[in-house]
Amino acid sequence: MLESLNSVAIRHQRPAWLTCLLLAWLALCMGQTALAQKGSKSQPTGPKGFDLGALGGLETPYEFSAEYEVDRETGRGKVRVTATLSDGYHIFSTTQPPGGPVATVLKVLTPRVQVTGPFVPDTPPDIELNSPVFVNIPIEQHHDKVTWTAPIQLPQPISESPTPLEVQVDGQVCEESCIPVRAEKVEAAFAGFIEAPRATVATEVFREKDSAVEWRIRLDRSTVAPGGKMELILEAVPDPEFHVYRLDLDDPETKFRTLLTITQKAGAKFQRPIADKSTVSKDSGLGQVTHFYEGPVTWRVPIEIPKTAGEGETPLEGLIGYQACTMGSCDRPRGLQFAFTYKVAKDATSQSASPLYATISATDFNRIAENPQLRTWAETPKYALTLSLREIFTTFGLALLAGLILNFMPCVLPVIGLKILGFVNESHGDQKRASLLTLVYALGMIGFVTAFGILSILIRAFTNQTLSWGAQFGSTTFQIIVTSFMFALALSFLGVWEFPIPGFATGSKSTELSNRHGILGAFAKGVITTLLATPCSGPFLGSALAVSLSQPAWVVMLIFFGVGLGMASPYLVIAAYPAALKWIPKPGPWMETFKEILAFPMLLSVVAFVNGFPKDERTAMFTSLIFTWFACWMIGRVPAWASPGQKARAWAMGSLATVAGAMGSFHYLGPSPYELEWEPFSEQRLQQLVGEGKTVMVDFTAEWCQNCKLNLAVAIHTPKVRDIVKKNQVVPLIADLTRYPPELDRKLKEELNSISIPVLAIYPPGQPNHPIILRDILAESDVLEALKEAGPSQSAEKNPFTTSLGAQNSSDIR
């Protein structure tokens, strides 16, 4: 490759410095690939289509080779692709689950050559289950060397000297950094003719000579669809008085055990075997308890076929080790190997459910006992306990600490003073009652977090998804409700109205409400305060909750309970020691002042909540809060002695104002579903587009221009305008005059004869000096008529303006 680069430089008389610059650029691109760390989702690459390993002193840490063989009579054969890796490097499997690193993809590109089954490795991949980057996604890696084999069908007749096949490899080779493998071509040399293999006969029943056990091994179906399921069924029928031992993948012993391993999975997922009966336990007399099955036993192994599985013939191979014993003597340990070739097809139906029996032969028991995949071939139970007792206690301690710190998060802090104030007010100086209310408040906090944990487990069980802490704030509706609630609570602190929720009443009627709803109010305040804490993630909270995602339900509940207990711990201390409330002054006028002061940090929290909205929704949320303010003011104007009918009317009108205001605000001021794909305006870009024969629409606008925003909402971001823009291939540009940049101000005044905005200028193809100008407030019909008048974009060939201005602009751009 280096020689070819030199020859190219000579042919084109390229200066030496330019060649050096080219090589330096290539080296820089190569260095960028080191940014993709092992397991990273980002995949930087070198120059597209350039073989980084082909340069003379630069060696790639991998090498691909391929060969194939074929039966001359049938045209059926096998192609093998081998990856040889340098020390420490690995390549990902062809069956790497989605969402993880880049899987290896192998294709035969030679025309008319069909791959009739998946590429299967000669050794199973090493599986990493606890990747810090890809949570809950197994990482399948091959090290050193791996050979994939796939069945192929060549067109007949087969020549005496078949030509090589072309194979393409895509994937990623990684150590601490990753090197992308993109469309790498490998020549598969012809390795020779083979005879059609003698058909192996599947058998329903297998018994090794002199063995006391009869075996039946089958799949419940012969054809399965991608993403489908099937079962591997293994039946052991011992002779009378004989038994076989327990099959347990978690048992480290191999003596007096039944062993099972799947040596060829071809990407399928195998669950743990399930026996149809329980074992019998007996003391062997040597201080060891043995576990065995009485009589025949059947194990079922559920199998899941990946949705990405390739169609065609697919192998499945495994090994079984067993020993048959009576109560007084034992046969020698024996082994057998079994194999299937089932079919993966998208058109698999219930008619494909006929059983498929295995081909079985005897093998050495030690081959199974010493197999490295003996304990790892089956999928780990989804939510199995993987933590030690010490790790569980450590995580629980982190959860306690995280819950305690949540009390000082911005979402919660403004409520702390209010709740203590409310307890004192409701207790009327009675410390025992204040202590009781504090305890109930703490139980409200614990109850909410515990309920959140239960909901997370239920969602995990029924949807296979997990409920994240604060996930409810991903809903715009929920964000609007909570933000409006916080704002209404702050207005209540300022005396605009009386908050009706028990435990949050703060005005002149709070004492009356407290007498009726003291316990209920304290519990409600605990629940709501914790709800307000969910958008905050304090230190240690993420670490504690992340551990619970893959653990059993009782561990999840323990961790969530720890968070709730930690958050409630200061109030549990106060409840246990009522004397701690002595430092709080007796109820008096100071409480009203303190309550009003609390409104201001609460309003700052509202600002923080609004800031949590996407940028293009914040104006709509602020506008919605004005309607909430109006509703609270309307309800607050109704006197306490008013009739129930008057109060109901005020609440109905206030609720209507709040809901209608929020819907209207987000409809007119929020992001539009018909928003155009605007590009930033520049004179150079405008001239280039017009020179290329494009119709260009330029919106001269500013953030402070309310009429501009109105035009967008009612006249531009509409279904009809979007359709004609798309149909006519109109390019929309936005000219932002928020800070009146001189070049835009000059264009507006000198070229468009306008001294104010909004202005919408539509440039027909090839007419940069004759735009259609629309000023001030617009209707949708105005924009549609102007776009129709401008007409659709034209190709450069049809645009006479291209040869002059377009060519000149292209030269300028270069």
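Me: In which loop is the place of Pro157?

Reply: This is a predicted model, in which local features need pLDDT of at least 70, side-chain atom pairs count only at pLDDT 80 or more, and totals for chains, interfaces and linings use all residues. Residues are numbered from 1 along each chain as its sequence is written, and side-chain values use heavy atoms, leaving out hydrogens and water. The peptide bond that leads from Gln156 to Pro157 is cis, with omega near 0°. With helices (DSSP runs of H or I, at least four residues) and strands (DSSP runs of E, at least two) numbered from the N terminus, Pro157 falls in the loop between β9 (145-153) and β10 (165-174).

Me: Which residue does a cis peptide bond join to Ile757?

Reply: Most peptide bonds are trans. Here omega is about 15°, and the bond is cis. The partner of Ile757 in this bond lies in the loop between α17 (742-751) and β30 (759-763); it is Pro758.

Me: Is Glu241 buried or exposed?

Reply: Glu241 is located in the loop between β14 (229-238) and β15 (243-245), and has a positive phi of about 75° although it is not a glycine. Relative accessible area under 20% counts as buried, over 50% as exposed and in between as partly exposed (1.4 Å probe, protein chains only). The relative accessibility of Glu241 is 71%, so this residue counts as exposed.

Me: Which strands are the edge strands of the open sheet of 4 strands?

Reply: The strand order is β19-β20-β15-β23, with antiparallel pairing; two strands pair if DSSP finds at least two bridges between them. Over 4 bridges, β19 pairs with β20 (residues 289-294), and Lys282 stands opposite Thr290 in β20. Each edge strand pairs on one side only, and these strands are β19 (280-283) and β23 (324-325).

Me: How are helices α16 and α18 oriented, roughly parallel or roughly antiparallel?

Reply: The axes of α16 (residues 719-727) and α18 (residues 780-790) come within 10 Å and cross at roughly 10°; axes are lines fitted to C-alpha atoms over the stretch in contact, with angles from 0 to 180 degrees between N-to-C directions. Angles under 35 degrees count as roughly parallel, over 145 as roughly antiparallel, 65 to 115 as roughly perpendicular and the rest as oblique. The contact (heavy atoms within 4.5 Å) includes Ile724 of α16 and Leu787 of α18. The orientation of α16 to α18 is therefore roughly parallel.
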